[in-house]
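Let's take a walk through this structure together, one piece at a time. Have a look at it first.

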Amino acid sequence: MNQVLVLCIEDEQEVRDAILRDLEPFAEHFQVEAAETADAAREVLQEALARKDKLGLVLCDHLLPGQSGVDFLVELKKDERTAVARKVLITGQASLEDTVKAVNEAGLDSYIAKPWKREELQEIVVKQLTEFVLGNVEELLPYVSVLDGPRLLEEVGRRKADK
Amino acid sequence: MTPPPSSAKPCVMLLCTTEPEEVRESLAADLSEAGGHLVSAETVTNTEELRQALQDMEERSTPVPVIIVDDPLRDGVRGGDVLLEIHEDPRYRASRKLLLSEHASLEELTRLLNQGALNTRLKKPCAREELMDAVRRLVTDYIIEQAPGEVEHLAEYFDPRELSHALVASERLRRDLATQLRTVKRSFLSVADLSDMQLEEEMIREFDRVLDQPPRQTFPPDTVMFQQGDTVDRLWIVLDGKVRLTRQAKEKEVVMHMESAGRLIGLLALSQGQTAFYTCCTATELTALTVTPEQLDFALQTSPGLSVYFDTVLIRTLGNRVRRSAELQMEVEDLNSALARERDQLAETLELLRRTQSRLLETEKMATLGLLSAGIAHELNNPISAIQRSADYIAEDLEAILGSCREGSKLAEQLQAAHDARPLPTREERKIRNRLADELSDRTLARRLVTIGIHTRGEYEAFFEGVPREERRERLAMLERVHQLGSGLRNIRSCASRVTGIVKSLRSYARPDEEGPAFEDIHEGLEDTLLLFGHTLRNIQVERRYGDLPKVQCRAAQLNQVWTNLISNAIEAMGEEGTLTIETGADRENEQVHVSIIDTGPGIPEDVQQRIFGLHFTTKQGRVQFGLGMGLSICRQIVTRHGGSIELDSRPGRTCFKVILPVRQPVGGETARADLTPQNPTQDEPQARQRNTQHGGLS
């Protein structure tokens with residue numbers, strides 16, 4: 001079965017650990033991967049796409065060694081295989097200019113300011129992943145327990161009715 | 001001179017006159033008698049004849065001791081002019097010249113005398129004896145001057161008594177001439193001696209006399225008599241009152257003459273094309289004589305005296321006005337130069353103010369930054385200490401709890417392993433995870449195992465050996481939690497120590513409590529600065545080539561500003577990526593150290609290099625911009641104050657700012673002054689103490 005990939009890009013190990021732990025509840029249903037840089041993220045993405053997995057959500061820091069987070073998001077938006085992925089910036093240092101660029105050019109879906117709270121991050125992840133699976137996944141039932149159950153069930157009902 | 005033949009006299013005097021022949025002959029006889037045995041007389045009637053006669057005498061080598069010219073000659077030829085013309089000819093220069101005239105103008109006499117073309121002037125009509133005496137004296141003069149050797153001949157021809165008489169007379173004549181000259185001069189001098197008022201009164205009296213009391217005109221005060229550019233057809237001679245002469249300047253009417261206007265009004269207009277140069281307005285009630293140009297001409301022709309007065313008044317009036325204009329001009333010049341001086345001073349002051357302001361702004365900013373960062377550092381110290389201490393206690397407590405549990409030692413081991421584990425790069429972890437997932441055919445299990453540090457199927461089986469399958473799941477969950485605890489503690493500690501490092505750097509960077517120059521480790525300052533650059537350096541490779549440096553006597557906080565400026569300029573210059581090299585070294589012999597900040601940027605253009613230390617600190621959009629040249633003047637100030645220098649060596653691909661510092665500050669050196677040190681301890685301390693008590697005893 002093809003999986004939905006959740007990709008977290010953060011260069012600081014401790015911060016990355018924290019994000020990953022916050023993402024733990026989603027690990028059962030999604031493939032959660034982490035990367036230090038845009039380059040490393042690209043590698044993960046290649047492997048996933050090769051397995052026919054879909055990129056569902058990117059949580060990305062802005063200030064990274066090498067390519068910046070915003071530029072990487074813009075790149076993802078331009079690639080049709082990843083254009084539909086939900087994109088979230090999680091950062092403490094992006095300027096207004098960078099953020100506007102992320103919104104306008106990368107279709108940024110959400111912005112998480114550091115330091116963040118677990119509930120806040122998980123809420124955003126639930127919302128974004130729900131949007132993603134609603135639009136891009138046929139089998140919704142597996143996600144009911146971990147994402148926005150009522151919305152998913154509603155959609156399941158609608159789809160059944162359509163058939 | 002040859003002795004004269006007894007029949008003829010050796011010299012000839014010539015008389016040029018238009019008198020009838022009988023008179024001429026009688027005159028010639030008289031003159032010949034006066035010439036005694038030496039000089040005969042011949043007469044001519046006009047200039048041509050005179051010239052011809054002189055020519056003849058020249059050819060016959062006959063001296064002409066005396067030339068007498070009657071005035072006027074025919075056709076209005078003036079005797080003086082004839083004498084002057086003859087005198088021009090060097091051949092006749094020695095001849096004594098006598099002018100017989102009824103009228104002689106002062107001017108003509110002066111001219112003749114100054115040219116030396118006149119020896120005697122007799123006023124017609126003159127007595128026969130007077131003329132003969134004069135001629136005798138001139139002849140005697142001539143002989144004495146031209147042929148001193150012939151003087152004895154004079155005795156031969158003149159009665160010695162007569163000769164001595166003649167000599168005496170000659171002397172007298174000379175005196176007369178001098179008297180005459182003095183008189184001539186006096187007529188001017190006498191005018192010169194008169195005061196303006198006397199002169200003007202004389203003039204007005206003469207006008208009244210000649211023009212028979214011309215009409216008086218009276219003007220009330222502030223009456224415009226004529227305007228600039230008006231045609232003026234008369235001259236006013238002011239009897240009483242004053243006028244104002246003004247001229248229209250670009251912006252206002254300028255008063256040119258008041259006291260200096262004088263008594264003659266309408267003067268310039270009359271002398272220059274009839275248009276008024278000034279606007280003339282009465283300043284007081286004014287009474288004046290009115291004279292038309294025709295009346296003026298007539299008066300001047302009729303009365304030579306008036307003409308002298310008028311000319312003199314005219315000259316004096318014009319002189320006064322010229323003087324006044326010159327004074328005005330000088331005043332304007334003085335004002336102009338005073339203005340120019342003031343303007344220069346103002347510009348200088350303005351520039352100084354600007355510079356001071358930008359320096360103050362800089363100092364102020366640095367002071368604020370220093371205070372703020374010191375404050376923040378201080379505020380962070382307490383929480384971070386608490387965090388660190390809590391982490392330590394949690395670790396201790398956990399160990400104690402685990403120790404009391406069943407299988408606790410294994411869990412404690414796991415905790416320690418997680419705490420001490422070196423985190424793997426995401427790529428390696430993923431590889432291990434994928435491999436294990438393949439081995440176990442279970443992605444989720446593989447992920448959980450890798451998280452707790454189990455990397456192979458072998459390790460997995462060894463770890464859970466003897467654990468019943470149904471318990472394994474529960475056991476794994478427990479292990480995961482312990483593992484998370486371990487790595488959580490590790491993260492808390494490493495992050496806390498990072499914060500501590502930043503706080504320490506911030507404090508030692510800003511040094512709000514720095515008092516005077518102390519011996520400091522330059523490398524520490526550089527490291528503090530680098531650490532605070534943090535993310536800015538993420539794409540820049542930093543290469544440290546630190547030499548062995550002695551401690552340097554300096555104000556560390558100020559030097560940190562220098563490193564900050566130089567490093568941020570270097571980063572800015574390199575843009576996306578590059579290598580920042582920091583090189584230090586010591587010159588022990590000269591007791592100097594140097595710090596070079598080298599970047600691989602595009603280099604600084606040569607023309608900019610010249611000015612770079614002078615460029616002003618600027619702010620852009622309210623933010624401090626550390627662009628090229630920004631803050632460099634401040635850097636140089638600080639380094640100079642430390643007795644050091646900054647050298648710049650830039651080419652494309654390598655720009656090096658080399659700071660050279662003496663190890664010791666000269667005694668009484670400038671760093672003793674603390675005007676760039678951004679704090680006021682007495683203000684700051686009570687506040688800080690207050691904060692301490694509020695937050696309680698964790699510090």
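**Two crossing helices**

In this predicted model, helix 8 (residues 196–211) of chain B packs against helix 10 (residues 293–302) of chain B at an angle of about 100 degrees, their axes 10 Å apart. Helices here are DSSP runs (H or I, at least four residues), and strands are too (E, at least two), numbered from the N terminus. The axes are lines fitted to C-alpha atoms, for helices over the stretch in contact, with angles from 0 to 180 degrees between N-to-C directions. Since 65 to 115 degrees counts as roughly perpendicular, helix 8 of chain B is therefore roughly perpendicular to helix 10 of chain B.

Who does the touching? From helix 8 of chain B come B:F207, B:V210 and B:L211, and from helix 10 of chain B come B:Q295, B:A299 and B:T302. Contact means C-beta atoms, placed from the backbone, within 7 Å. These residues split into 4 nonpolar, 2 polar and no charged. (Ala, Val, Leu, Ile, Met, Phe, Trp, Tyr, Cys and Pro count as nonpolar, Asp, Glu, Lys and Arg as charged, the others, Gly among them, as polar.)

Now for the meeting of the chains: 15 residues of chain B and 17 residues of chain A take part. Helix 16 of chain B gives the most to chain B's side, with 5 residues. That side holds 3 nonpolar, 8 polar and 4 charged residues.

Residues are numbered from 1 along each chain as its sequence is written, with chains lettered from A and ligands numbered from 1 in written order. Local features need pLDDT of at least 70 and side-chain atom pairs 80 or more, while totals for chains, interfaces and linings use all residues.

Note on methods. Two residues are in contact if their C-beta atoms, placed from the backbone, lie within 7 Å. Angles under 35 degrees count as roughly parallel, over 145 as roughly antiparallel, 65 to 115 as roughly perpendicular and the rest as oblique.
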